[in-house]
Amino acid sequence: MATSNMKLLCSVLNKMRIDHITTRSINSPPRFRPPYWYLPKERVMSDEMLTQENKDFLEEVKQDKLNLQNTLESPLIKSETQETLQWTPGTRRTGLIARKIGNYPLWSKDGKKFQTTLLQVVDNHVIKYIPPEEFKPMKTSKVVWKEKRKLGCLLVGSETIDPSTVTKEYCGLFNTVGMLPKRHLCRFMVSPQASLPTGTPLFATHFRVGDYVDVRAKTMDRGFQGVMKRWGFKGMPASHGVTKTHRRPGNIGAGGEKARVWPGTKMPGHMGNRWRTLRGVKILRINTKHNILWMLGVAIPGETGAMCYLFDTVLPLKKLKTPPPFPTHPPADDLPLEYYDDSIHLFEEPTITFEES
Amino acid sequence: MSLVIRKSTVEILCAAKWIFRRDCRLLSTLPEKTEIVVDEKERIPGRKTRSYNPILENRHVYPEFLPDPNPNWRNSLREKMERADMLKRRSQIDIPEFYVGSILAVTISDPHAQGKTNRFVGICIERKGCGLRAEFTLRNVVDHQGIEVRYELYDPTIQSIQVLRLEKRLDDKLLYLRDALPEYCTFPLDMDPEILPEGTPVPINPVQVKLKPRPWLERWERQELKGVSNIEEHLKEKDRVRRELRKTPWEKYDLMKNYRKTIPAEEQSEIWNEVYNQLQQMRVSRKKMSRKRTVTTPKTQLA
Amino acid sequence: MFRSLINKLIPVQSCGFHTTSCLNEVQLLTRLRVVDNSEIGKRAMAEGKPPKVICVYNKKRVGYIGDRVLVAIKGQKKKGILVGLKQTQKVKVPKFDSNNVVLIDDNGTPLGTRIHVPIPTILRTILKEKTHAKGADYTKLLGIATRFV
């Protein structure tokens, strides 16, 4: 009796169909797959109770590694094949990682003042080149109708740091290519002919004076801000019987059909600390010794000391017209200390005088 | 903090010296050397425990070489580049030592003017900014019309800066001259330069100006100005009470605030060691040049 | 005693209007100073009834140096050119202690024959740019100036 009942129950249960289950299958691919070099970098520092001798030994090893790194020659000097590569307007060169170090004025030859931002290119090295066939970024479900232009991926790092201060995984990323770990790592999509071998140093002379670049950086973090600061709303009067609504947004929508908050309504929230690109910034002056670029304008995002990424501009009218150093400027000792734009007045030149017309 | 105190004491001493010397000269024609000896004797007991560093005195002569103390804007490399550019500009033009209260004549090349040059004479009422952004403001009353012009110190269109009268006033900013009677800032445009004998300290002019009746541009009574004589005449009881309420006597004891406002002495000495030699060389070469010029000018007059 | 004084003062401190120095902009109803020797201007200034701005002929409605304004002076409407401003100016451009105006007629001819205060040199360029071949000729104003700064 009991077994027949069980069978009945089983058959009933078998016939039951459950639709619309939203379960997260283990095998479904994740929506976002970060690139493999996104590894935890910060390490919890702990006192390892080392003896002084051991500490000294570690220090010695670090110094040796650093010296080895410094004596590393640019692979561009050795290989003579670079001359054969030709720049065409369609090719995409690598970019640079720079640090914003402040701003000060320059004067033009007709006595006008320009505010400039100084960007320092600190210790940039090519870490790795991944050719387009091997480079598989995120998987998307979108159907690709048109075959895209194939671009390789060039990893560039800046600012060598002490290997003992970062995690093993992050360090291993650099160890596999024989470099010391870098503080900042950035991916640049480049054309295959613009690829660079590992360990190539990049300098400020990668760009020329008078070129236009795009600068990508994180804006200043302003925290949670109200609507007046974040979106420039006018607020409400300070007096005339206004109570408790001096800096508030007021109405945020209409009634009837639209009786809801429409997407994209400007509201209070977190302001700043997001990636923004300033396009078409002109280079006015380059210092080759300290690798400093003087950029026109003060609108480069971020505070003093923030990192930013420089690219050749994509603006159609400001794009490169003459061939730039391709794939990059090789290290040279006999460069002039400073390059100036034609419009810029040099400080060591005599005082500007105007001619009677 | 101690720097500030020392500065103020030194200023007071200087003022006292100046008055004292004036009186002396009226009475006798003693040579100046004896006075200097007396001064030094006076100074030594009054000095603070911190050792006296002559190189730090440059901060009054070249204040724009010190960077902005705001830590958010500091960067040693940028400051270095800026100083190098400033020295390059200084090698082209003689930017003399001047203070707020000195009378200057500035010649600029002006594309709008008729002869493409423009000259303005006035008293320096404000000096601000650091590095290449340093600027100063000149004020004068021309044809009974008060005029102020702001100049940048390192602007390449400035042809020359001439100090007509080198002196200091009792305050750091003379913005109250805007509300003062016009005779206190009226200077003829063809003023002759007054040459101080070499080696004398910069005199402090203890003149106290008279303000016009209210309304004023600012509440001068709250700023503890030393160079204004008749401020009490124009005040009402209400203003006096509110001045008392708004006073911040504790601020001079706020060590952190003073520290944040100033560049520490160690950093300053680093900066001065970097630029001092070049500045000194420029000074010496300029002096030689000017001596040559003074020798040659009478000859031309004779011819 | 002191506490009561403070209490009395508190409503005064929190009163609504601002007491800081304003931007000294030349806008509607700003009082100007006539600096030429035209008859109407001299009399208006002597009577203590300086002209008021009733229109600034530019898009911003704030008068800058060299802008044309319409002023109400002694019950009449006259045009004038701003030749000196109180507000903070650019580097190397003089800032004056009063807002100065020179009265002109519709053709740009000044009503007076002499300007008795200095004129900024930048006006020479500004007025030349504003003058068109067939319109009013504002550069006549520069001819009656006595001194440039």
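1. A quick definition before anything else: a residue is buried if 20 or more other C-beta atoms lie within 10 Å of its own, exposed if 12 or fewer, and partly exposed in between, with the C-beta atoms placed from the backbone. By that count, 36% of the 149 residues of chain C are buried.

2. Some housekeeping. This is a predicted model, in which local features need pLDDT of at least 70 and side-chain atom pairs count only at pLDDT 80 or more, while totals for chains, interfaces and linings use all residues. Residues are numbered from 1 along each chain as its sequence is written, and chains are lettered from A and ligands numbered from 1 in the order in which they are written.

3. From the N terminus on, the order in chain C is α-β-α-β-β-β-β-β-α-α. Take the contacts in chain C with a separation of 6 or more: 55% of them join residues 24 or more positions apart (contact means C-beta atoms, placed from the backbone, within 7 Å).

4. Chain A has five helices and 13 strands. Its radius of gyration, taken over C-alpha atoms, is 29 Å, well over the 21 Å that the globule rule gives for 357 residues, so chain A is more spread out than a compact globule. (That rule is 2.2 Å times the number of residues to the power 0.38.) Along the principal axes, the C-alpha atoms of chain A fill a box of roughly 110 × 75 × 55 Å. Buried residues make up 24% of the 357 in chain A.

5. Now the A/B contact: 22 residues of chain A meet 24 residues of chain B. On the chain A side, strand 1 (96–107) and strand 2 (113–121) are the elements giving two or more residues, and strand 1 gives the most, with five.

6. What about the cores? A nonpolar core here is a set of buried Ala, Val, Leu, Ile, Met, Phe, Trp, Tyr and Cys residues joined through C-beta atoms within 7 Å. The largest has 64 residues, and B:Leu138, B:Tyr176 and C:Ile81 are among those touching the most other members. Not counting residues up to four places away in sequence, B:Leu138 touches residues including B:Leu104, B:Phe120 and B:Tyr151. Another core, of 53 residues, lies apart from it, with A:Leu96 and A:Tyr212 among its members.

Notes
Two residues are in contact if their C-beta atoms, placed from the backbone, lie within 7 Å. Helices (H or I, at least four residues) and strands (E, at least two) are DSSP runs, numbered from the N terminus.
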